[in-house]
Amino acid sequence: PRIHVVVTASMFAATPSALKTPTRCPTSCRRARGARVVAKEAASTLAPQPSHSRVQEVFSIAARKPPPPPPPPPKMSLSLTPVQAFGAGFVASAAIIKAHVKAKSGSVLRRNKPTLRYFDARGAAEVIRTIFAVAEVDYVDRRYTFSMDGGKPQVEEQHAIDKDEGMFDANLKRLPILEVKGERLGQSPAIARYIAEDLGMMGKGSIEKAKIDAYCEHIKDMSTAYGKVRGNPFAPLTPEIEAAKATWYNDTMKTWMAKLEIVTGEGGYAVGKNISLADVVLYVTLTQSFDDGEKAQAAYADCAKINAIVDRIGNNAGVKRWLATRPDNRF
């Protein structure tokens with residue numbers, strides 16, 4: 001705690017009479033005067049500083065200007081022609097999209113290279129292969145070769161070995177078989193649906209998924225009807241079969257296609273606004289499943305929506321590469 005002693009000037013002022021009559025101050029007076037002087041010096045030491053000096057100090061600090069910010073880093077300039085700039089932007093965008101799909105996709109098939117086992121033929125596996133082509137997914141295409149000696153397919157020996165080892169058990173000792181992450185799947189429609197689901201080709205929501213399934217079933221019904229007309233694909237043609245095929249292409253198939261056109265979506269998609277399993281099944285069936293491709297194409301020539309789907313899938317970059325590089329075989 002501070003002790004404040006108030007010392008007034010009257011304590012030290014001499015009276016006029018004292019000035020005129022200088023008399024000697026007694027000892028007690030001198031002692032009192034000395035005590036007053038000591039008290040004054042102590043008071044000057046203990047007294048707080050005037051407040052205005054602190055205010056001036058605060059104002060002086062506030063008035064100081066902050067240091068100027070550092071200069072910005074020099075800007076790099078690159079001179080490109082419009083064509084070069086467009087090309088660079090396109091390449092960068094494509095790389096970003098591709099990296100995003102591979103790194104962020106939840107697809108099991110993109111992260112784990114699958115193996116597809118089937119014969120060296122299109123048959124029941126071509127829809128599966130085309131889905132892989134559309135989505136540009138790498139996979140092992142294991143084909144069992146065969147020959148047509150004696151009018152009956154003669155399959156390579158490895159087929160029997162793998163069958164005995166249980167590799168085909170998931171499909172009741174038949175092909176195709178899809179292997180992924182140590183699991184085996186059978187039945188080509190189930191395999192196709194699994195792959196399409198994994199790669200985002202089964203629509204958005206349960207309703208679109210059901211519509212895609214229904215569309216594929218419509219095409220399956222049409223293919224089954226044609227199979228009854230064609231008969232055994234390995235058997236020689238007969239006049240009866242040729243006549244039945246002519247009726248199919250000129251009449252029956254046109255009726256099927258007109259009905260299918262009604263339930264086909266707009267914009268080059270069977271269902272929704274993206275490529276789906278339905279588009280791939282339609283494309284493969286119409287372009288690769290009939291003995292006479294030209295007559296089959298004529299049967300759906302008037303179906304604008306169906307033609308738009310066939311053109312879209314046929315012009316897909318992955319499908320083009322697949323058609324240009326796949327093995328050339330009869331079936």
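How close do the axes of α9 and α10 come, and at roughly what angle do they cross? The axes of these two helices come within 9 Å and cross at roughly 165 degrees. Axes here are lines fitted to C-alpha atoms, for helices over the stretch in contact, and angles run from 0 to 180 degrees between N-to-C directions. The helices α9 and α10 are therefore roughly antiparallel to each other; angles under 35 degrees count as roughly parallel, over 145 as roughly antiparallel, 65 to 115 as roughly perpendicular and the rest as oblique. Their crossing is right-handed (a crossing is left-handed if the near helix is turned anticlockwise from the far one by less than a right angle, and right-handed if clockwise). On the α9 side, the contact is made by Tyr215, His218, Ile219, Asp221, Met222, Ala225, Tyr226, Val229 and Arg230. On the α10 side, Ile241, Ala244, Lys245, Trp248, Tyr249, Trp256, Met257 and Leu260 take part. Contact means heavy atoms within 4.5 Å. By class, the contact of α9 with α10 has 13 nonpolar, 1 polar and 3 charged residues; Ala, Val, Leu, Ile, Met, Phe, Trp, Tyr, Cys and Pro count as nonpolar, Asp, Glu, Lys and Arg as charged, and the others, Gly among them, as polar.

The model is predicted, with local features needing pLDDT of at least 70 and side-chain atom pairs counting only at pLDDT 80 or more, while totals for chains, interfaces and linings use all residues. Residues are numbered from 1 along each chain as its sequence is written, and side-chain values use heavy atoms, with hydrogens and water left out. The chain has 14 helices and 6 strands, where helices (H or I, at least four residues) and strands (E, at least two) are DSSP runs numbered from the N terminus. Of its 331 residues, 28% count as buried (buried means under 20% relative accessible area, exposed over 50%, partly exposed in between, with a 1.4 Å probe and protein chains only). Among contacts in the chain with a separation of 6 or more, 68% are between residues 24 or more positions apart.

In α13 (residues 304-314), the buried residues include Lys305, Ile306, Ile309, Val310 and Ile313. Seen down the axis of α13, the buried residues fall within an arc of 140 degrees, so they line one face of the helix. The arc is that of the directions from the helix axis to the C-beta atoms.

In helix α8 (residues 188-198), Ser188, Ile191, Ala192, Ile195, Ala196 and Asp198 are buried. These residues fall within an arc of 165 degrees when seen down the axis of α8, so they line one face of the helix. Their cover includes α5 (108-111), α6, β5, β6 and α11. Helix α8 is followed by Gly200, which has a positive phi near 75 degrees.

Strand β5 (residues 177-180) contains Glu179, which counts as buried at 15% relative accessibility. Leaving aside neighbours within four places in sequence, Glu179 is in contact with Pro114, Thr115, Arg117 and Arg184. The C-alpha atoms of Glu179 and Lys113 are separated by 9.0 Å, and the two residues are 66 residues apart along the chain.

Leu175 and Pro176 are joined by a cis peptide bond with omega of about 10 degrees, and Pro176 lies in the loop between α7 (157-164) and β5. Leu172 is found in the loop between α7 and β5 as well. Although not a glycine, Leu172 has a positive phi of about 60 degrees; this residue is exposed, with a relative accessible area of 62%. Lys181, in the loop between β5 and β6 (183-185), is likewise not a glycine and has a positive phi of about 55 degrees. Lys181 counts as exposed at 61% relative accessibility.
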